[in-house]
Amino acid sequence: GCLTTVEKDNLVVEKGTYRPLLPIEMERLQTLPDNYTEGVSNTQRKKMLGNGWTVDVISHIEVTEGLL
């Protein structure tokens with residue numbers, strides 16, 4: 001799976017029920033520091049994180065392709 005900007009796509013099963021991912025959980029999945037996107041609304045945070053690239057994946061691609 002992947003993070004998207006569509007909230008219904010980003011769910012967690014917890015105690016038999018579904019709930020949306022929290023912005024801090026999305027930051028952790030994107031390998032960003034906790035509260036990295038703090039300062040804007042949760043809706044904007046989720047949009048930013050859903051549209052972003054995972055930092056560690058990009059770093060791996062750069063190293064693998066000899067770009068670093």
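## Terms and model

Contact means that heavy atoms lie within 4.5 Å. The model described here is predicted: local features need pLDDT of at least 70, side-chain atom pairs count only at pLDDT 80 or more, and totals for chains, interfaces and linings use all residues. Residues are numbered from 1 along each chain as its sequence is written, and side-chain values use heavy atoms, with hydrogens and water left out.

## The chain as a whole

The chain has 3 helices and 2 strands. Helices (H or I, at least four residues) and strands (E, at least two) are DSSP runs, numbered from the N terminus. Along the sequence, the pattern is β-β-α-α-α.

Of the 68 residues in the chain, 21% are buried. A residue is buried under 20% relative accessible area, exposed over 50%, and partly exposed in between (1.4 Å probe, protein chains only). The chain exposes about 5100 Å², and carbon and sulfur atoms supply 57% of this area. Accessible areas come from the Shrake-Rupley method with a 1.4 Å probe; for residues, only the protein chains shown count as cover. Among contacts between residues at least 6 apart in sequence, 27% join residues at least 24 apart.

## E27 and its surroundings

E27 belongs to helix α1, residues 23-29. Its relative accessible area is 0%, so E27 is buried. Leaving aside residues up to four places away in sequence, E27 touches L32, P33, D34, N35, Y36, T37, E38, R45 and L49. The side chain of E27 also reaches the backbone nitrogen of Y36 at 3.1 Å.

One of these neighbours, R45, meets E27 side chain to side chain in a salt bridge (3.1 Å, N to O). R45 lies in helix α2 and E27 in helix α1, so this pair ties together parts that are 18 residues apart in sequence. Both R45 and E27 are buried.

## Salt bridges

A salt bridge is a side-chain nitrogen of Lys or Arg within 4 Å of a carboxyl oxygen of Asp or Glu. Side chains of opposite charge can pair when their charged atoms come close. The whole structure holds 3 salt bridges.

Besides the pair of R45 and E27, R19 and E25 are joined through their side chains (2.7 Å, N to O). R19 counts as buried because its relative accessible area is 19%. R28 pairs with D34, and their closest N and O atoms are 2.8 Å apart. R28 is partly exposed at 48% relative accessibility, and D34 is partly exposed at 39%.

## Helix α2

Helix α2 spans residues 42-51, and its buried residues are R45, K46, L49 and G50. Seen down the helix axis, they fall within an arc of 125 degrees, so they line one face of α2. The arc is that of the directions from the helix axis to the C-beta atoms.

The face turned away from the buried side carries the exposed residues T43 and N51. Strand β2 (17-20) and helix α1 are included in what covers the buried residues of α2.

L11 is partly exposed at 42% relative accessibility; V12 is partly exposed at 22%. Not counting residues up to four places away in sequence, V12 touches T17, Y18, R19, L21 and E25.

L11, V13 and Y18 form a nonpolar patch on the surface, with about 350 Å² of accessible area together. Patches are made of residues with over 30% relative accessible area and no salt bridge: like charges are joined within 9 Å, nonpolar side chains (Val, Leu, Ile, Met, Phe, Trp, Tyr) within 5 Å.

Definitions and conventions
Polar contact = N/O pair within 3.5 Å; in protein donor to acceptor, adjacent residues only side chain to side chain.
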